[in-house]
Amino acid sequence: VPAVLRYTRDVVFIENEEIVRMTTDSMEFFTVDEEPIEKQATHIDWDVNAAEKGGYEHFMLKEMYEQPKAITDTFSPRIKNGQIEIEELGMSNEEIRRIRKIMVVACGSAAHVGHTSKYIFEGLSRIQVDVDLASEFRYRDPILDDGTLVIVISQSGETADTLAALRESKKRGARVLGIVNVVGSSIAREADNVMYTWAGPEIAVATTKAYSSQLIALYLLAMKFAHARGTLDDAGLKEMLEDLQKLPEQVELLLNNKNKIQKFANRYLAAKDVFFIGRGIDYAISMEGSLKLKEISYIHSEAYAAGELKHGTISLIEEGTLVAAVLTLILCVAGVFGILIGVGVSAVGFYAYKHNEEKVDNFLRSHGVKVKTPTAGFETMSVEDLMRTKESIEDLIAEKEQQEQSVTVEADAAVAAE
């Protein structure tokens, strides 16, 4: 579609086994049996300039800087009067409550969005979520029924394996929701319902803004499902929406940190092997980080759940190997720090953008870790500081768990007394 935007905004999409006869002033459409059919044109609202580099060195750099707008354009039309309204979803709250299982099917970066969404959906809405690579989906005889919602994710809406998975799902009687970026694409036309990400044309092969927009779309979906099912109350929804609306500004602040990020990258430019590790949702994000490094730098990279690094892979880590740990979950910090120490790091690059508890911030600061906002850069601390920080966080977590147990015991005692 981007290739023709400078010439026309009206596009007619041809399905499989359809024929078109074109002259200078007319178009006629037929089936393969030469039966005439009617086709409607789709109007494309994309900005022509969005398909140009606009002064940037290359499309990927431009699209990275377009992420704040893409994120805003994906969520803002769907937040109305403090509620999430996804009109194109075509599902009532009662239909949402009848869903017993979600299967997310995608390829590449979109599959990594799916892995992230598993943690989001299960944590918020308490619906079981399975994630499948589209290229494997139809070969494993998946179990689908009318209580299953299949979500297929594709930037282009034309990914062959994902399209095949969509058709297999529909053949087995499952409802299919497509999350795509390209209006009128094959997945958009064939899915039962479609949710557009509104990221605008993405020209670069390595996805950036489409990936971010897909994450936002899945977050909105999970929040709506959770609210409809009663696992997220009005106060919780309000808080999450407020956080979501701050995200574009936070992304912009991070993008403006270009010089400090470049300095950090230069420090490890000679790395021949890079391992990304994380726990929970951080592991899902690590998979995308690893793929991006491979795609654009041709450096060998792998992503592992943090606890799996020691099961065989540790034998590949030697002097000069870079281990990048993604740490956004406070309760996982101590464990991941322990793993970093175990692989023999001499120093760690540490970047923090937000912590949920001021008390944890204070602990980190008191042990030499500079916790900063996205306007800050990367800090490096020695392994000795890392050890002390790990021990302090372990003590904090133990103290917090003890407090929670004490509250639970007191609550049980109060119930028993009544």
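Okay, let's start with helices α2 and α8, which are roughly parallel to each other, because their packing angle is about 30 degrees and anything under 35 degrees counts as roughly parallel. One thing to keep in mind is that this is a predicted model.

So where are these two? Helix α2 covers residues 67–75 and α8 covers residues 209–229, and their axes sit 9 Å apart. The crossing of α2 past α8 is right-handed. On the α2 side, the residues involved are Gln 67, Ala 70, Ile 71, Thr 74 and Phe 75, and they meet a set in α8 including Lys 209, Ile 216 and Leu 220. By type, that contact splits into six nonpolar residues, four polar and one charged.

Now, α8 has another partner, α4. Here the packing angle is about 20 degrees, with the axes 9 Å apart, so α4 and α8 are roughly parallel too. This crossing is right-handed as well. From α4 we have, among them, Val 113, Ile 120 and Phe 121, meeting α8 residues that include Leu 215, Leu 218 and Phe 225. The residues of this contact come out as 14 nonpolar, six polar and one charged.

Last stop, helix α11, residues 281–297. Its 17 residues reach 24 Å from the first C-alpha to the last, close to the 24 Å expected. Which residues of α11 are buried? They are Ile 281, Asp 282, Ala 284, Ser 286, Met 287, Glu 288, Ser 290 and Lys 292. And α8 turns up again here: the cover over those buried residues includes α1, α4, α8, β13 and β14. Just past the end of α11, Tyr 298 has a positive phi of about 60 degrees.

Methods. Residues are numbered from 1 along each chain as its sequence is written. This is a predicted model: local features need pLDDT of at least 70, side-chain atom pairs count only at pLDDT 80 or more; totals for chains, interfaces and linings use all residues. Side-chain values use heavy atoms; hydrogens and water are left out. Axes are lines fitted to C-alpha atoms, for helices over the stretch in contact, and angles run from 0 to 180 degrees between N-to-C directions. Helices (H or I, at least four residues) and strands (E, at least two) are DSSP runs, numbered from the N terminus. Angles under 35 degrees count as roughly parallel, over 145 as roughly antiparallel, 65 to 115 as roughly perpendicular and the rest as oblique. A crossing is left-handed if the near helix is turned anticlockwise from the far one by less than a right angle, and right-handed if clockwise. Contact means heavy atoms within 4.5 Å. Ala, Val, Leu, Ile, Met, Phe, Trp, Tyr, Cys and Pro count as nonpolar, Asp, Glu, Lys and Arg as charged, and the others, Gly among them, as polar. The expected span of a helix is 1.5 Å times one less than its number of residues. Buried means under 20% relative accessible area, exposed over 50%, partly exposed in between (1.4 Å probe, protein chains only).
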